[in-house]
Amino acid sequence: MRQLRSAENSRRELVLKWPVSIRIGLKAMVASLVMCGVIVGIATLSLMAGTMQVSVADVLRALNGQAEGIIHTVVVEWRLPRAIAAIVFGAGLGVSGAIFQSLTKNPLGSPDIIGFSSGSYTGALLVLLGTGSISFIAVASGAIVGGIGTAILVYVLAFRGGSKGFRLIIVGIAISAMLSSVNSILLLRGEAGAAFTAAAWGIGSLNEVSREQVTPASIMVIVIIATAMLQSRPLREMELGDDTARAHGVSVEKSRILLMATAVALTAIPTAVMGPATFVALAAPQMAKRVAGASRSLFPAAAMGALLLLGADFIAQRLIRGTILPVGAVTLSLGGLYLVWLLFMQARRKPL
């Protein structure tokens, strides 16, 4: 019966053969398109709502370059970069989480849990507190180096006759705990003004993002997401087991390292701009799987990540009148509730 269902599901897949072959489940495609529609709706509301209310017609005129004065400034200069950052960075975090959960074959295998987000934060802190520079290039470089360095450390410590998903998670949790202590020490020993700025940034916030930061970061994230999509076949094969993947011609360790580097970059770049947005990478792939079915495609995870971060930022701006909360505070609260629910449902299926 399971074989019949697998064959039926395989016939319900859409294969895109230009410029490369990408296999997408039809249900996943439909679910992704629906989520994209919701994203467009929330983004439109984000451009309209605020201290200054803007109509849909004014938003369209501003996006077409036909609006001038305060409407152009509010929509294009202030609100649009924030919305784009939430969509693109959320998509990147969703894909990153999906890759790690696939590699580890564990729903807890996300950059938040394994420690790569903490490593990116450590690298950015060293730049912010060590040099006093707030340059995007400098902070982004520090975050990427910190994330990749943490990934290499976790991979080396977890490697024993081949890296195993469970070992990666356990080692990653330990490294994450140590890095959290290092981050606290850095903040306590840093100069008061710089430490306060770094601590506020470390919550995860889109409040201070600008077009100059969002444009290059978004381009990098989009390119890396496209690179991740091109690696979907090795990712699918490795989900069936390393031996099966090798039998199908996949270089397992090489593909795993490349996928991990891709996922780390998708975590580090958003972290460099807005700080760590906790739980997006953890929750997005799981929620996408529930909505889109048991598809291995990364498209639903990207769409769900964008939807979660954009929705969380919309809530953060309007939850408390007169106060704009950091988006990380909202994702942390919602993600914590989701994690409790996930553990509760897991305990019901398999009592501890």
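Modeller: In this predicted model, Arg82 is buried, with a relative accessible area of 9%. The side chain of Arg82 meets that of Asp313 in a salt bridge, with 2.9 Å from N to O. Because Asp313 belongs to helix H15 (residues 299–318) and Arg82 to helix H4, this pair ties together parts that are 231 residues apart in sequence. Asp313 is likewise buried, at a relative accessible area of 3%.

Helix H4 (residues 69–104) also holds Glu77, the partner of a further pair. Glu77 and Arg211 meet through their side chains in a salt bridge of 3.1 Å, N to O. This pair links distant parts of the chain, since Arg211 lies in helix H10 (residues 211–230), 134 residues from Glu77. Here Glu77 is partly exposed, with a relative accessible area of 34%, and Arg211 is also partly exposed, at 37% relative accessibility.

A local pair is found in helix H3 (residues 56–63), where Arg61 and Asp58 are three residues apart and therefore separated by about one helical turn. The closest N and O atoms of their salt bridge are 2.6 Å apart. Arg61 counts as partly exposed at 33% relative accessibility, whereas Asp58, at 19%, counts as buried because the limit for that class is under 20%.

The count of salt bridges comes to four, and the pairs described here are among them. In general, side chains of opposite charge can pair when their charged atoms come close.

Technical notes. Residues numbered from 1 in each chain as written. Predicted model: local features only at pLDDT ≥ 70, side-chain atom pairs only at ≥ 80, totals over all residues. Heavy atoms only, no water. Helix = DSSP H or I, 4+ residues; strand = E, 2+ residues; numbered from the N terminus. Buried < 20%, exposed > 50% of the residue type's maximum accessible area, 1.4 Å probe, protein only.
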